[in-house]
Amino acid sequence: MAQEYLPVLEELISNFKRLPGIGHKTAVRMAFSVLDFTNEEAADFAAAIVSAKERITPCTVCGNISEGGICEICSDSRRDKSIICVVEDSRAVLALEKVREFKGLYHVLGGTISPMDGIGPEQLNIKSLISRLEGVDEVIIATNPTIEGETTAMYISRLIKPLGVKTTRLAYGVPVGGDLEYSDEVTLFRAIEGRRDI
């Protein structure tokens with residue numbers, strides 16, 4: 001069977017296909033778009049990827065993305081430190097921040113409990129959440145409404161409730177099986193406003 005593309009182009013396509021949500025056709029389009037770049041544009045594109053990988057690190061407090069040390073949200077003295085919203089990843093923080101209604105802090109877990117994928121509570125950023133609870137009145141658990149998200153929410157709520165901290169869950173304005181990052185601002189606003197006890 002003849003090779004469809006040059007080996008170097010196949011390699012580029014394969015690397016684009018590693019990105020979430022990118023299928024073969026989209027990867028091919030992206031690869032050919034890169035070929036249309038000037039050498040300078042291609043170098044800038046590659047440098048931006050390397051720079052992001054080198055400079056973006058987890059916040060030492062909450063686990064959100066940061067450019068070294070503590071993220072902008074944790075270092076903002078105007079944020080309400082009595083409420084923490086627990087999310088799966090930094091994309092959810094960005095989605096919730098678009099609503100501009102939540103004024104508390106965040107805690108990024110780095111995923112969800114998923115025994116099928118070999119991810120247990122010890123692989124997630126849960127211990128540091130528990131250590132942050134002094135002076136906190138409420139923890140909003142905003143994991144995605146999936147089986148893994150619900151499992152993680154229940155696990156965390158069982159850890160936190162005995163500590164006397166109010167634990168709530170986002171209301172289901174977010175569709176079951178949906179991701180926070182793809183929800184619109186109105187849906188996210190209603191979900192925050194309609195959160196409930198677990």
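Colleague: Before we start, what are we looking at?
Modeller: This is a predicted model, where local features need pLDDT of at least 70, side-chain atom pairs count only at pLDDT 80 or more, and totals for chains, interfaces and linings use all residues. Residues are numbered from 1 along each chain as its sequence is written, and side-chain values use heavy atoms, with hydrogens and water left out.

Colleague: Fine. Why is Ser66 called buried?
Modeller: Buried means under 20% relative accessible area, exposed over 50%, and partly exposed in between, with a 1.4 Å probe and protein chains only. Ser66 has 7% relative accessibility, so buried is the label.

Colleague: And what does Ser66 touch?
Modeller: Leaving out residues up to four places away in sequence, Ser66 touches Arg55, Ile56, Thr57, Pro58, Cys59 and Cys71. Contact here means heavy atoms within 4.5 Å.

Colleague: What makes Arg55 and Glu67 a salt bridge?
Modeller: The rule asks for a side-chain nitrogen of Lys or Arg within 4 Å of a carboxyl oxygen of Asp or Glu. Arg55 and Glu67 have N to O at 2.2 Å, and their side chains meet in a salt bridge. The pair links distant parts of the chain, 12 residues apart, with Arg55 in helix α3 and Glu67 in the loop between β2 and β3 (80-87). The structure holds 5 salt bridges.

Colleague: Are the two ends buried or exposed?
Modeller: Arg55 is partly exposed, because its relative accessible area is 47%. Glu67 has 54%, so Glu67 counts as exposed.

Colleague: What about Glu150 and Arg169, how far apart are they from N to O?
Modeller: That salt bridge comes in at 2.7 Å, N to O. Glu150 sits in helix α6 (residues 147-160) and Arg169 in strand β6 (residues 166-169), 19 residues apart. Glu150 is partly exposed at 24%, whereas Arg169 is buried at 2%.

Colleague: You keep saying helix and strand. What makes a strand out of residues 65-66?
Modeller: Helices are DSSP runs of H or I with at least four residues, strands are runs of E with at least two, and both are numbered from the N terminus. Residues 65-66 make up strand β2, where Ser66 is found.

Colleague: Why is Arg100 called exposed?
Modeller: Its relative accessible area is 66%, so Arg100 is exposed. Arg100 lies in the loop between α4 (90-99) and β4 (104-108). Phi of Arg100 is near 60 degrees, a positive value in a residue other than glycine.

Colleague: Last one. Why is Ile140 buried?
Modeller: With a relative accessible area of 2%, Ile140 is buried. Ile140 is part of strand β5 (residues 138-141).
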